[in-house]
Amino acid sequence: LIFERSSIHIMEIFFIDVVAILYAFGAVILIIFLLASPSKRPLSNRLLAAYLFISLLDINARFLSVYVFTSHPGLGMVLSETVFFMAPLLYLFFKSSVYIDFKLSKKSLLHFLPYPIILIVLIPGYFIPLLNDPDADWVGLLYETDLYKVTYISLHVQIFVYYFLIFRMIYKYKQIVLENYSSRKLENYKWLLQFILVYSFEMIVATLKNIIRFNSAVEIYNLAQSIVVVLILSIIFWLIIKALLNPRLFSGVYIDVQLVKTMLNSNTNSKNADSVEKLEQDNDQLIRKLRLHMQENEPYLDSNLSIYDLAKQLDVPARELSVSINHTLNKHFFDFINEYRIKKAMDLIQNSSDEKLTILEILYEVGFNSKSSFNTAFKKHTGITPTEFKKSASLRVA
């Protein structure tokens, strides 16, 4: 949506254009990687690839204005307005990353309605005048009727709405992960949060840039434009590095998984006094059975343990176990399991006869997948780092 006032036919290569070319190079590499690499979640890869492809048209709008709009202004507008696909594609990408069983449906097409709507809005003031006079000044048509403001404002409203929906989805995903999993699914949440935070920052800067544009502050606008394209270039290469370091980025949950508070609310009206008392008794028995199982069998040593695995081991419904841990004990399943892992780690540090046993070996032995997650959990439960605890344990022995 970058419309150039200049009628120059041979464009000089400015800084912004160089960055746009570099972005195109990086985006093409990432698109090929996403489409060619084997994945258990191909839909996520394809949606992200589609988003990156549309972003190529957006960031290279200066080239569109010179090589397409000048000779085919109608086609140029049709291509330019595909920017309205970006926010819906990003939202669907996040949804496919969060929910394992998410599939595109006919209802998904509703997300792309803003694109034909904006083209319809442009018909009387842009497309019809061009049909009547193919040599009409397409830039003038946009600026004299303020149509460019309509498109920009509509676009940014759409972006803010979808980013709000994405943040809400990610927050719910975090709660579900904490209530049901003890594995690296939380790492997936952190990656998705980083992703949307980076893009949100770029979106805010781009919005400010366009506000400046409306106020005709040309020099400030050009500076803001340069900042935006550098940010976008940085994002694309950050994504490439992420993809190369961890090709299995997406590890979501099932779409019908409910939060505990939702399960409790759905059952509130159906309970009478007798059933509540019985449920409390059953819950107490389940918690005793759970604690005994944790002490005797140490299921928490499995780094990928989920509440579904634990429920199967106890031969109880996962729903009941989830309510017992997350509601009755008032602990997320994630924290509940990590407490046992940290206690086990403390015991190994204090009582191991192997003086060469390292912190790294201990964290893997007790069920953690990374040093950072182990250090965070250890300090959360003990108030000190594993290294500090090991030093204090050594001093006590000495």
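Mentor: Buried means under 20% relative accessible area, exposed over 50% and partly exposed in between (1.4 Å probe, protein chains only). This is a predicted model, in which local features need pLDDT of at least 70 and side-chain atom pairs pLDDT 80 or more, while totals for chains, interfaces and linings use all residues. Residues are numbered from 1 along each chain as its sequence is written, and side-chain values use heavy atoms, without hydrogens and water.

Trainee: Is Phe94 buried or exposed?

Mentor: The relative accessible area of Phe94 is 0%. Phe93, with which Phe94 forms an aromatic pair, also has a relative accessibility of 0% and counts as buried. With that value, Phe94 is therefore buried.

Trainee: What is the angle between the planes of Phe93 and Phe94?

Mentor: Rings of Phe, Tyr and Trp (its six-membered ring) pair with centres within 6.5 Å, planes under 30 degrees apart being stacked, over 60 edge-to-face and the rest tilted. Phe93 and Phe94 lie 5.3 Å apart, centre to centre, and their pair is edge-to-face. The angle between their planes is 75 degrees.

Trainee: How many residues apart are Tyr51 and Tyr199, whose pair links distant parts of the chain?

Mentor: Among the 18 aromatic pairs of the structure, that of Tyr51 and Tyr199 has ring centres 5.6 Å apart and planes at 80 degrees, so the pair is edge-to-face. Tyr51 belongs to helix H2 (residues 42–59) and Tyr199 to helix H9 (residues 185–214), helices being DSSP runs (H or I, at least four residues) numbered from the N terminus. Tyr51 is buried at a relative accessible area of 5%, and Tyr199 is buried, likewise with 5%.

Trainee: Which residues do ring pairs link into a cluster?

Mentor: The edge-to-face pair of Phe93 and Phe94 and that of Tyr51 and Tyr199 both contribute residues to the cluster. Linked by ring pairs, the cluster's members are Tyr51, Phe93, Phe94, Trp191, Phe195 and Tyr199.

Trainee: Within what arc do the buried residues of H13 fall?

Mentor: Helix H13 spans residues 307–314, and its buried residues are Ile307, Leu310, Ala311 and Leu314. Seen down the axis, they line one face of the helix, because they fall within an arc (of directions from the axis to the C-beta atoms) of 100 degrees.

Trainee: Which residue takes a positive phi just after H13?

Mentor: H13 covers residues 307–314, and the positive phi that comes just after this helix is about 60 degrees. The residue that takes it is Asp315.

Key:
Helix = DSSP H or I, 4+ residues; strand = E, 2+ residues; numbered from the N terminus.
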